[in-house]
Amino acid sequence: MSEKLFHILTYLMVAIIILPMIVLYYEVGPAGLAVAFEDPQFLESLNLTFVGAILATMLNVFLGTPVAYALSRKIVKLESTLYDIFLSPVSIPHTVVGIMLLLTFSPSSPFFPLLKSINPVDDILGLSLAMFYVSSPIYIMSIKETFDKADADLEYFIQSLGKDRYFIFEKVLIPEHAGSIIRIALLSLGRAISEFGSIIIIAYSVTFLPFFQYVKPVTVFIWYKYDVYGLSSALGYAAALLTISLLISFFIYALSRKNAQA
Amino acid sequence: MHRLELKNVSVKRGNLSIGLFNFTFKENEKILVYGPNGYGKTTLLLAIAGIIKYEGDIFLDEKPVNYYTLEKRGITYAPAKPALVNRISVLDNLKISGNSAAEIAKNMGLKNYFEQKAYTLSDGLKKLVQVSMALGSSAPVILLDEPFAFVSEEKSFLLKSVINKTQGKIILITSHERMQNFSEYIDISQYQLRNL
């Protein structure tokens, strides 16, 4: 009986996750999906979102990787307090994140004299910043876990050969864990792409190259279609974005499998 | 002339408590730390390397090294488990240590493996590369934890001869059995503080 219960609970959870996806694809159909992918406005939104998410992911990789190493090896003081701070965006509602970012760069901010040359509102900078803010906890947490599990003996050995921590970080940990870093970066990319709550406030409509026209990030674009034109107008775009998100998930899964086998 | 001095050194690690170690080792000496598993051979090496905490003082060339970080201590520690940077070549691993590591590895018949990625090697070959890196380092003190583990009999013979020929260093080796041709022997079972 007990084993059966685990099966039931597992399949129940799978059903909760998968059923809404099936219903969405059923409602849209292949033709609706094709129409969405042929809409230049949607493609532009997608393009903008990817640029913003890639910038946020790059920031995660270049900033988050050394920070995760510093936390993992207790190089910085109060590392557990710092770790809690880095994870805090997970529990902050994303609309609050948007408002906080908006306020930080506004003239009423005490930091305005320092930040006045930067205007992230309705800009790719604001979009990337919001995406970075909400995706960084996933990146830091996962990379730190990877570094925590790394071979301590190897690090002691290399260090005792006269090499400092930066050498170990750059020449030992990065090559040893490149696969995991790519997988976790993709995970944070996926999280950045799916962000809505904060970017609707700080980057509702972004001035975007090449023609400097206003483009909505893709999640805002779908919400706009739903809010202004109704559910049926948003369905195709929602299914298209779901397809992209699933492709990223499968890619991450494939990389994890490859990593586990290596 | 390098000197390594241990003055009233004792180490506590989990349930294990070992000491007091009072030794002076000189350049070109090869010291064997032997005894059964779980008696603290590795613990002693980890303490000398500065990886774990210990009581007492350790001096290298008459300078106290107690508060030196691992990379500045002048003591290389090669762990018992074969540990290499797996995703880079054997030669790139050897280069981490310095130019003489590649020469030592050649003397151990490893030249044919230089271009291979480290993860493709057997544990025995990895161990030989690791010992080559340790012996090729500029540190005056080399700690080799179970260097003959994983290594074939034929290669063990070669490894012993390379270690014996190494000059200008103080080398401490651990083994569960007493072996011949060492300058000094430390029977770790004689240093169990928990039994006192």
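Modeller: A residue counts as buried if 20 or more other C-beta atoms lie within 10 Å of its own, as exposed if 12 or fewer do, and as partly exposed in between; the C-beta atoms are placed from the backbone. This is a predicted model, in which local features need pLDDT of at least 70 and side-chain atom pairs count only at pLDDT 80 or more, while totals for chains, interfaces and linings use all residues. Residues are numbered from 1 along each chain as its sequence is written, whereas chains are lettered from A and ligands numbered from 1 in the order in which they are written.

Colleague: Why is B:Lys41 called buried?

Modeller: B:Lys41 has 26 other C-beta atoms within 10 Å.

Colleague: Which residues is B:Lys41 in contact with, leaving aside neighbours within four places in sequence?

Modeller: Two residues are in contact if their C-beta atoms, placed from the backbone, lie within 7 Å. On that rule the partners of B:Lys41 are B:Val33, B:Gly35, B:Thr174 and B:Ile188. B:Thr174 is 133 residues away along the chain, yet its C-alpha atom and that of B:Lys41 are separated by 6.2 Å.

Colleague: What makes H1(B) mostly covered?

Modeller: A helix here is a DSSP run of H or I with at least four residues, a strand is a run of E with at least two, and both are numbered from the N terminus. B:Lys41 lies in helix H1 of chain B, and nine of the nine residues in H1(B) are buried. Among them are B:Leu44, B:Leu45 and B:Leu46. After H1(B) comes B:Gly50, with a positive phi near 85°.

Colleague: How many residues of H7(A) are buried?

Modeller: Helix H7 of chain A covers residues 152-160, and seven of its nine residues are buried. They include A:Leu154, A:Tyr156 and A:Phe157. The buried residues of H7(A) pack against helix H8 (165-176) of chain A, and also against H1 (41-49), S6 (75-78) and H2 (90-97) of chain B. Just after H7(A), A:Gly162 has a positive phi of about 100°.

Colleague: How many residues of chain B are in contact with chain A?

Modeller: There are 21 residues of chain B in contact with 16 residues of chain A. On the chain B side, S6 and H2 are the elements that give two or more residues. S6(B) gives the largest share, four residues. By class, this side has 13 nonpolar, five polar and three charged residues. In that count Ala, Val, Leu, Ile, Met, Phe, Trp, Tyr, Cys and Pro are nonpolar, Asp, Glu, Lys and Arg are charged, and the others, Gly among them, are polar.

Colleague: What makes a set of residues a nonpolar core?

Modeller: The set must consist of buried Ala, Val, Leu, Ile, Met, Phe, Trp, Tyr and Cys residues joined through C-beta atoms within 7 Å. The largest such core has 121 residues, and those with the most contacts inside it include A:Ala130, B:Ala49 and B:Tyr77. Helix H6 (residues 124-148) of chain A gives the largest share of this core, twelve residues.

Colleague: How do you know that S1(B) and S2(B) pair?

Modeller: Two strands pair if DSSP finds at least two bridges between them. S1 (residues 3-13) and S2 of chain B are joined by eight bridges and run antiparallel, so they pair. In S2(B), B:Phe25 is the bridge partner of B:Leu4, and B:Phe21 stands opposite B:Val9. The two strands form a hairpin with two residues between them, where B:Gly14 has a positive phi of about 65°. S1(B) also pairs with S4 (residues 55-60) of chain B in the antiparallel sense, over five bridges.

Colleague: Why are S2(B) and S5(B) said to stand at the edges?

Modeller: Four strands of chain B form an open antiparallel sheet in the order S2-S1-S4-S5. S2 (16-26) and S5 (63-64) of chain B each have a single partner strand, so one side of each is left without a neighbour in the sheet.

Colleague: What radius of gyration does chain B have?

Modeller: The radius is taken over C-alpha atoms, and the globule rule is 2.2 Å times the number of residues to the power 0.38. For 196 residues a compact globule would have a value near 16 Å, and chain B has 16 Å, so the two agree.

Colleague: What average pLDDT does chain B have?

Modeller: pLDDT is the predictor's confidence in each residue, from 0 to 100. Chain B averages 92, and 98% of the residues score at least 70.
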